Amino acid sequence: MLMRAKFNLVLLLTCMLGMAVSAWYLHDNLKQEMMQELHRNAEATMEAAIAVRRYTSLQIKPILDADPAFAFRKQAVPAFAAREVMALFHEHYPGQSYREAALNPMNPKNVAQGWEVALIQRYQSEHLKGAVTELVQTPDSSRFNLARPIRISDKACLYCHSSPDRAPEALVSLYGRKNGFGWRMGDIVGAQIVSVPAQVPMQRMDDTFTRYLWLLAGIYSLLFVVLNLLLSMLVLKPLNRANALLTQEAGQDALTGAISRRAFLRSLDDAIAQATFDERPLCLVMIDLDHFKAINDQFGHNVGDHVLHQLVYTLQQMIKQRDCLGRLGGEEFGLLLPETAESGARVLAEQLRVAVMLGSFDPVPRVTASFGLAEWRYGETASEFMHRADISLYHAKRNGRNCLYVWGEDDHMPDLTEPAGHS
Ligand SMILES: Nc1nc2c(ncn2[C@@H]2O[C@H](COP(=O)(O)OP(=O)(O)OP(=O)(O)O)[C@@H](O)[C@H]2O)c(=O)[nH]1
């Protein structure tokens, strides 16, 4: 039992550690995959916006610029074109957005808000060149943002953004003279920002993670059960059998700790030889639990075993070292009392009976035993002696159990014509 408990404790700790490491590894991988997926989505949107920008600047703007009739058209501004096209595109992908946020834009729609301002200022102060990504989680929503700096690298930009005096009249009359000027080559004036919703991928990740955790828990539980079965079948049962065999060989009953029937019969022969030699008295008490079958039936075999073990413990507390208690079979025990005459054995047997009756055999509320006593008669064989003690026990049972019967108490006892043999 102790071995199984230790094994299970180590197994449980190993399983828990295995679960924790697997869960951490899995969560980390799933999160990385989700971030990569979000990044790919955002990047595709960003590339689409850049493509629109380039198309406008390379193919639309030159046509319009060549025709004075068109003067300034906002539709030919790459940033405007990108924003408008992406707005149409995002009608089919609600929640996604593309913005060209600037600290000092001409078009008020492009004014940077809240965290966009902080981002652009970071670009400016840290001179960041590449893309910046972040997963923003609030109680209401989760978003993945991809941003790239807008740096003035084309002199053509300054045509509109250096000063109101140089800018096309149509542009100034559309947006006014106040905002969107003073830009210089190399300035970071804003950021292109793609924002994609992350709730769905995150929910998907959580679902997958939960499913995998259940699967892992199932696998570990199965492992737990299978290893326990294997432990029982391949280790504990053979070990217990070997133990029982060893203790039996050693002359001890494995369950109760009393000596075995074979060893008891050997002791009986020795005791008779000694009593013959010494001409000293010798008594034998047969002890049998009352209604033990009912205890097994009501409380189960394990409790029955416990009662047997407890009975032997109770008896052994009260007998002398030279006395010999043996389990003769089932719930029947023999107690050999060397150098003890009937009068002394009677007192001891009665004390043992009361001790059993008052003893604690939890969870069984009350346990009693019947006692049969016989004193050895000079010249009597072991089997004749045992047979008389057995008959005394039989009378104790017949007299209502939980009592002691001493050989010879009853005048109507049967004659001992055929003593039972023993090996
Ligand atoms: N738990 C347990 N039960 C055992 C063991 N050996 C024998 N038994 C049981 O002991 C019971 C003995 O039943 P019976 O011979 O009818 O005796 P009883 O019920 O005590 O009745 P009386 O002796 O007449 O009072 C049987 O049910 C056996 O299965 C054992 O090692 N452990």
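The model is predicted, and local features are reported only at pLDDT of at least 70, side-chain atom pairs only at pLDDT 80 or more, while totals for chains, interfaces and linings use all residues. Residue numbers start from 1 along each chain as its sequence is written.

The chain has 11 helices and 9 strands. Helices (H or I, at least four residues) and strands (E, at least two) are DSSP runs, numbered from the N terminus. Of the 423 residues, 29% are buried. A residue is buried if 20 or more other C-beta atoms lie within 10 Å of its own, exposed if 12 or fewer, and partly exposed in between, with C-beta atoms placed from the backbone. Among contacts with a separation of 6 or more, 69% join residues 24 or more positions apart. Two residues are in contact if their C-beta atoms, placed from the backbone, lie within 7 Å.

Strands pair here if DSSP finds at least two bridges between them. Strand S4 (residues 188–197) is largely enclosed by the rest of the structure, because 8 of its 10 residues are buried. S1 (residues 97–102) pairs with S4 over 6 bridges. Strand S3 (residues 142–151) pairs with S4 over 9 bridges. Gly 190 of S4 is the bridge partner of Ala 102, and Ile 150 also stands opposite Gly 190. Ala 147 has Ile 193 of S4 as its bridge partner.

Another open sheet has 5 strands in the order S6-S7-S5-S8-S9, and its pairing is mixed. S6 (324–329) and S9 (404–406) stand at the edges with a single partner strand each, so one side of each is left without a neighbour in the sheet. Neighbouring strands are turned by 20 degrees against each other on average, direction ignored. Helix H7 (residues 261–278) packs on this sheet. H7 touches S5, S6 and S7, and its direction makes about 135 degrees with that of S6. S6 and S7 (residues 332–338) run antiparallel, joined by 5 bridges. Leu 325 stands opposite Leu 335 in S7. Helix H10 (residues 342–358) lies across S5, S7, S8 (369–375) and S9, at about 170 degrees to S8.

The largest nonpolar core holds 48 residues. A nonpolar core is a set of buried Ala, Val, Leu, Ile, Met, Phe, Trp, Tyr and Cys residues joined through C-beta atoms within 7 Å. Leu 284, Val 285, Leu 325, Ala 349, Phe 371, Leu 373 and Ala 389 touch the most other members. Strand S5 (residues 282–289) gives the largest share of this core, 7 residues. A second, separate core of 27 residues includes Leu 38, Ala 81, Ala 82 and Ala 191.

The shell around the ligand has 17 residues, of which Asp 290, Phe 292, Lys 293, Gly 304 and Gly 330 come nearest. Here a residue is near if its C-beta atom, placed from the backbone, lies within 6 Å of the molecule. S5, helix H8 (292–299) and helix H9 (301–318) each supply at least two shell residues.

Most residues other than glycine have a negative phi, and most peptide bonds are trans. The bond from Asp 362 to Pro 363 is cis, with omega near 10 degrees. Pro 363 sits in the loop between H10 and S8. Glu 339, in the loop between S7 and H10, has a positive phi near 55 degrees. Arg 401 lies in the loop between helix H11 (382–398) and S9, and its phi is near 70 degrees. Glu 339 is partly exposed, with 16 other C-beta atoms within 10 Å. Arg 401 is also partly exposed, with 14.

Note on methods. Axes are lines fitted to C-alpha atoms, for helices over the stretch in contact, and angles run from 0 to 180 degrees between N-to-C directions.
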